[in-house]
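This briefing is meant for a reader who is meeting the structure for the first time. Please look over the sequence and the model before going on to the points below.

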Amino acid sequence: MDRDRDRDLSQPLERLNPAETVKALSDYLRDGIAEGLSDPLTGAIPGDAPQILKFHGIYQQDDRDLRDERRHQKLEPGFEFMVRLRLPGGVCQPWQWLKLDAVARRHANATLRLTTRQTFQFHGILKGNLKPAIQAINAAMIDTLGACGDDNRGVLCSPIPERSALHAAMFPLTKRVSEHLMPQTRAYHEIWLDETPVAGGIHAEEPIYGRTYLPRKFKIAFVVPPDNDVDVFANDLGFIASAEGDTLAGFTVCVGGGMGRTDNEPATYPRLADVIGFCTPDQVVAVAEQVVTLQRDFGDRVERKHARMKYTIDDRGLDWFKQELERRLGWRLGEARPFAFTSNGDRLGWLEGPDGLSHYTLFVENGRVKGEMMEALRAIAGLHDGEFRLTANQNLIIANIAPNRRADIAAVLDAYGLGETRPLSLLRRNAMACVALPTCGLAMAESERYLPDLLTKLDAILTECGLGDTPIITRMSGCPNGCSRPYIAEIGFSGRAPGHYNLYLGGGFHGQRLARLYLENVGEDRILDALTPLFRAYAAERQVDEHFGDFLLRAGHVREVLSGTPSPEIGRGPG
Amino acid sequence: MTANQITFATPLTLEHARQLEELLRTLSPEEALWISGYLAGFTRQPAVSVVAAAVAATPPLLILYGSETGHAAALAKRMEEQAVARGLAAHAVDMAEFRPQELKEVRQLALLTSTYGEGDPPDSAAGFYEFLHGRKAPRLEQTRFAVLGLGDSTYERFCQTAKDFDQRLEELGARRVQDRADCDVDYEAPAAAWIDAVLTGFAGEAATPAIVVTPAPVERVAPVARVAPVARVDRKHPFPAVILDSLVLNGRGSDKITRHVELSLAGSGLTYVPGDSLGVLPENDPDAVAELIETLGLSASERVPGGDVGDIPLAEALARAYEVTTLTPRFIEHYAEIAQSDPLRRLARPENRAELRAYQADRQIIDVVSEFPIAGLDGKTLVGMLRKLQPRLYSLASSQTAFPDEAHLTVAVVRYPSHARLRKGVASAYLSERRGIDDTVPVYVERNKNFRLPADPATPIIMIGAGTGVAPFRAFMQERALGSCGPSWLFFGDRHFRTDFLYQLEWQRLLRDGALSRMDVAFSRDQADKMYVQHRLREHAREVYAWLQDGAHVYVCGDASRLAPDVHAALVDIVADQGKLDHAQAEDVIKRLHQDKRYQRDVY
Ligand code: SRM
Ligand SMILES: Cc1cc2nc3c(=O)[nH]c(=O)nc-3n(C[C@H](O)[C@H](O)[C@H](O)COP(=O)(O)OP(=O)(O)OC[C@H]3O[C@@H](n4cnc5c(N)ncnc54)[C@H](O)[C@@H]3O)c2cc1C
Ligand SMILES: Cc1cc2nc3c(=O)[nH]c(=O)nc-3n(C[C@H](O)[C@H](O)[C@H](O)COP(=O)(O)O)c2cc1C
Ligand code: SF4
């Protein structure tokens, strides 16, 4: 069935969101950037160019801690840039680490931020440092093109260091998909890497995307059960590996995941991806490309809040979607294979693979590598001849440690207090917070800077209840966009205003179930007051191995939210 | 004798004298008073050929002055008044307005000048200075002269310009009627004495008084048209201005502190125009005062002369009436004697001047009294060695048209470490640290007619300022943005873009609205090579030259020791390169711009 096409690419630009015009007139991601970079009177890139800049992996931000102060001082906001790397599967070599470490110290705020999508972000890069920083990143053989923007974002891949054969089969696919869906424009190379433009040759630049790219961001993940450590159901497109031993048979395909929502707009909601079939490894690129073109053609280009693929699917139906996809592919998807997930966290500490290599998963609180930890990792990068793998839980795996290096690396970890004896509660190990203040322009409340304190308070209550040894997934986001994927946590927070959060409860332990809004717009006291009796009840009434989220549903404290349906905006509160 | 009776002894023709007498008879005393002021103002109009105006029966006295901030100008005018009161035909004329060709006709010359830069003449005196020192200077055998210097003894070349003039006039054959006086910043008393002596000297040689006006008993006042409705505000009678706002303009992480201070002038009757400065009478840091009293073992309550207010307690006098930080050669000389200190005495010897400079450069009074302790000093002796506390000037950073009852200042807070102490500038710290919102600060307006927007707002302007030098340009642009105006181009420099871009939001707005046509910035410490405004000027040489050809006025404000000469050199080079002139010709072009008031500087 062909539905109404009045909101998609088939319409003239004037009928669409102004963002579409900006993209269309950007001369394939060029317009205004070079001029803006050389404007000496502002630390910003003026005009619409920042929207285009995102496609280059760069966000214009300002230090929000200083915003009022600087306005009062008759100074413009403290503009600075966030740069996100395109790092498929989160794989990074030690020599690359050293270069990125140097970029952070020289050009950014001397921290590396590991994200919930397995990559690095640099914060606090001033305009004048932007080009040198991008050049230095590229000198590490890593680029930033397509790390942000209305295109395919960083592609996730379970790091599974202990299953190296399977990773060796999956990772190249991850890379291929990422590269296949990269913007093809030479704008990036011209602006940042001083490539000379080819005269007259600009028009066939984007065979897949066209001049208006996608209606919105697009996200892909590859996962290997039983660990759902990339939260595959939060992605627009997911590939769930089916492996026979270490041989990759193919992937169960799921579509339509996404977290983003907007307060008081019930038409926006988090959604888990739906399984639609199966494909073999050599069909992966075609599936990815056709899902992307489908969304390119049918996605809503009028209302950006309604432009993610999850809405295209809900508006037109999953069956329509599958049919249209198969029409584009020219072949039918296979039958989905069964799969089972047991967790979505990381296994911290030492692991050893059958090949004799060791792996150390380091807990990085909210992904922020800085100070002593940064020193330690620089030292390790100097010793290490394996790889680093970033996890989608903002942690870091020092992977493929050769037997003869293990003692040295362990010694560095111990020297910096980062070894296995590091005292970390289970609650903290399983918690994540998005960046939020002071850099994120969309943040409504603290997140990265606040969650650690809140966890200390929750830990005290848990210990009192005798729950110190029980893992619970806690995630906090500074606004409803849900960058830490709080809507699939057992305890989730989304910022509403300074010091105020929505509290979500009852998500699944391994990302299989959405949480329900439990309290709206409450401060810390209300949060602690609400959670204390629930912890007590959980301690008293839980069944063997029952997770906190599951318990809340079973005991009737929270009603289940069924995956794939709009979640009622106002929760029922308890019950 | 009534106010209307006058006795004439030339230079008027009989006919004129009769007409004047006729007129005066019909006037009320107020009207007569007004006319006296009017005429006083009239004779001071520029470009009057003073020599021709005073057809000489006896040689009239020409009082030439070179002044930047108006001290020498004010003294010259006072001298003129006193001369006239003594019956001498006298005219005070700015050197900038004086036609050098007339010099050879002058028989009696009093020359008052300050010194700027590093011993240079004030801008307005530069042309006359060069003329007199050049080959075209006439022989002056018929001329009798006296020179008064205004300066500041903390500068190495104290009163250098006065010394130069004094010596040159002698070389040209002129005869000195009175020795030169070199006045320090406390110039009032020595200057008054010099004026008195000089006028007596000239009068003694004059045969007949030129004009005798006996207007008694009313005192001479300024022309009615200029009498303000409220009590007059000046350096001696400052207005207590309330601080309305005070904030730091430098963003976090800056190594500078520049304060924006908004003062209320409501009720003061003070008026100013862009280019004028505000004089601020500061108080010393109470800690510095206390430390000095303690170190010298003095009694804070001892009564000592406090200037115009009579005797007051020492602590108060040191807080309000004297400079307690600035080290002067005079202080060292006196102190050397009291302390019976050989090292200090040696330092004070004339042949050790350079060493004294070096010693004095990074030290203050407290360093000397700590290093050479003495016992039994009394407060009176101490204040006798100190200079009077001087007002500090700050360029007005606001337009009174835009902010009718306000005066905005841009104050760089002077702070630097030396000899293990953190030093703070007296006035800048007073304004920024010791006085806050709702406190009052004594102020007055100091005019600067040598830093004025073009009369025609359509005239293009180029403004060049670094650091607080941008302050008057904020006033300029506020004024110009009120109506339609010609193109305006601002060059601004400071240390760091992110923290030191003073008034960044305002410039951005002015650029957006089109009142400001262009802005170029140089942030010296944002890159490996230091980058200053003169580099930007040179980068845009072609456009700068084109603007000059379109009649642009050029304004330079800020640091006198580096910015001003570097910008000057850049302008000369631009004119030379773009106009295909040699260096000397280009210098001439710039000099002409200066004479035509198209190149104006306010540097400190
Ligand atoms: C760094 C990161 C959070 C973290 O703490 O790790 C992050 C940070 C930001 N996200 Fe996100 N998002 C991050 C993962 C996510 C995820 C999780 C995921 O993808 O698994 C989500 C939810 C999944 C989804 O896409 O629905 C997510 C949903 C959003 C949204 C909401 C999108 C929507 O459909 O409504 C926005 C806002 C937007 O796009 O308008 C957003 C926007 C942003 C921006 C760029 C804010 C902005 O647009 O100005 C944040 C930059 C903050 C900063 O200062 O660094 N981010 N963002 C994650 C970087 C991922 C990466 O490497 O690519
Ligand atoms: C016409 C005019 C306009 C002016 N406009 C402005 C303006 O708009 N904004 C502004 O901020 N100022 C302006 N000034 C300068 C201002 O008048 C004061 O001179 C300045 O604020 C310092 O005064 P102070 O009392 O704080 O410092 P003072 O106590 O007078 O101390 C200043 C002295 O400290 C010494 N000193 C300073 N730094 C160092 C150092 N690093 N090492 C060693 N010795 C040092 C020097 O001897 C200097 O003369 C202007 C001056 C003039 C003449
Ligand atoms: C930037 C600057 C430089 C100065 N340089 C000297 C100098 O080299 N020698 C000196 O004796 N006085 C110097 N002075 C002090 C002035 O000559 C003194 O303040 C004088 O009273 C100013 O008089 P005026 O208002 O008539 O110009 C300087 C003052 C300033 C602001
Ligand atoms: S969830 Fe909101 S506050 Fe947090 S990083 Fe994402 S957009 Fe920013």
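This is a predicted model: local features need pLDDT of at least 70, side-chain atom pairs count only at pLDDT 80 or more; totals for chains, interfaces and linings use all residues.

Between them, chain A and chain B bury about 1,600 Å², of which 54% lies on carbon and sulfur atoms. On the side of chain A, the residues that lose the most area to chain B are A:Leu41, A:Gln73 and A:Lys74, which together make up 43% of what that side buries.

**The interface of chain A and chain B**

- Counted by contact, 18 residues of chain A meet 22 residues of chain B.
- The rule for salt bridges finds three of them across this interface, and one is formed by B:Arg498 with A:Glu80, whose closest N and O atoms are 3.4 Å apart.
- Polar contacts across the interface of chain A and chain B number 13 residue pairs, counted where both residues have pLDDT 80 or more.
- Helix H4 (67–72) and strand S2 of chain A each supply at least two residues of the side of chain A that touches chain B, and the largest share of that side, four residues, comes from H4(A).
- By class, the residues of the side of chain A that touches chain B divide into six nonpolar, five polar and seven charged.

**A sheet in chain A**

- Five strands of chain A form an open sheet in the order S1-S2-S5-S4-S13, and their pairing is antiparallel.
- Strand S1 (58–62) and strand S13 (368–369) of chain A stand at the edges with a single partner strand each, so one side of each is left without a neighbour in the sheet.
- Within the sheet, strand S2 (residues 79–84) and strand S5 (residues 120–125) of chain A pair in the antiparallel sense over three bridges, and A:Phe81 stands opposite A:Ile125 in S5(A).

**Surroundings of ligand 1**

- There are 29 residues around ligand 1, and those that come nearest are A:Thr115, A:Lys219, A:Thr439, A:Cys483 and A:Arg485.
- An oxygen atom of ligand 1 lies 2.8 Å from a polar side-chain atom of A:Lys217, and for A:Arg308 the distance from a polar side-chain atom to an oxygen atom of ligand 1 is likewise 2.8 Å.
- In the side chain of A:Thr439, an N or O atom is 2.6 Å from an oxygen atom of ligand 1.
- Strands S1, S2 and S5 of chain A are the elements that give two or more residues to the shell around ligand 1.
- Sorted by class, the shell around ligand 1 has nine nonpolar, 12 polar and eight charged residues.

**Surroundings of ligand 2**

- Around ligand 2 there are 19 residues, of which B:Leu393, B:Tyr394, B:Thr410, B:Ala427 and B:Ser428 come nearest.
- A polar backbone atom of B:Thr410 is 2.7 Å from a nitrogen atom of ligand 2, while a polar backbone atom of B:Val426 is 2.8 Å from an oxygen atom of ligand 2.
- The side chain of B:Arg392 also takes part, with a polar atom that lies 2.8 Å from an oxygen atom of ligand 2.

Note on methods
Residues are numbered from 1 along each chain as its sequence is written. Chains are lettered from A and ligands numbered from 1 in the order in which they are written. Side-chain values use heavy atoms; hydrogens and water are left out. Two strands pair if DSSP finds at least two bridges between them. Contact means heavy atoms within 4.5 Å. Buried area is the accessible area (1.4 Å probe) that two parts lose on being put together, summed over both. A salt bridge is a side-chain nitrogen of Lys or Arg within 4 Å of a carboxyl oxygen of Asp or Glu. A polar contact is a pair of N or O atoms within 3.5 Å; within protein, one must be able to donate a hydrogen and the other to accept it, and residues adjacent in sequence count only if both atoms are side-chain atoms. Ala, Val, Leu, Ile, Met, Phe, Trp, Tyr, Cys and Pro count as nonpolar, Asp, Glu, Lys and Arg as charged, and the others, Gly among them, as polar. A residue is near a molecule or strand if one of its heavy atoms lies within 4 Å of it.
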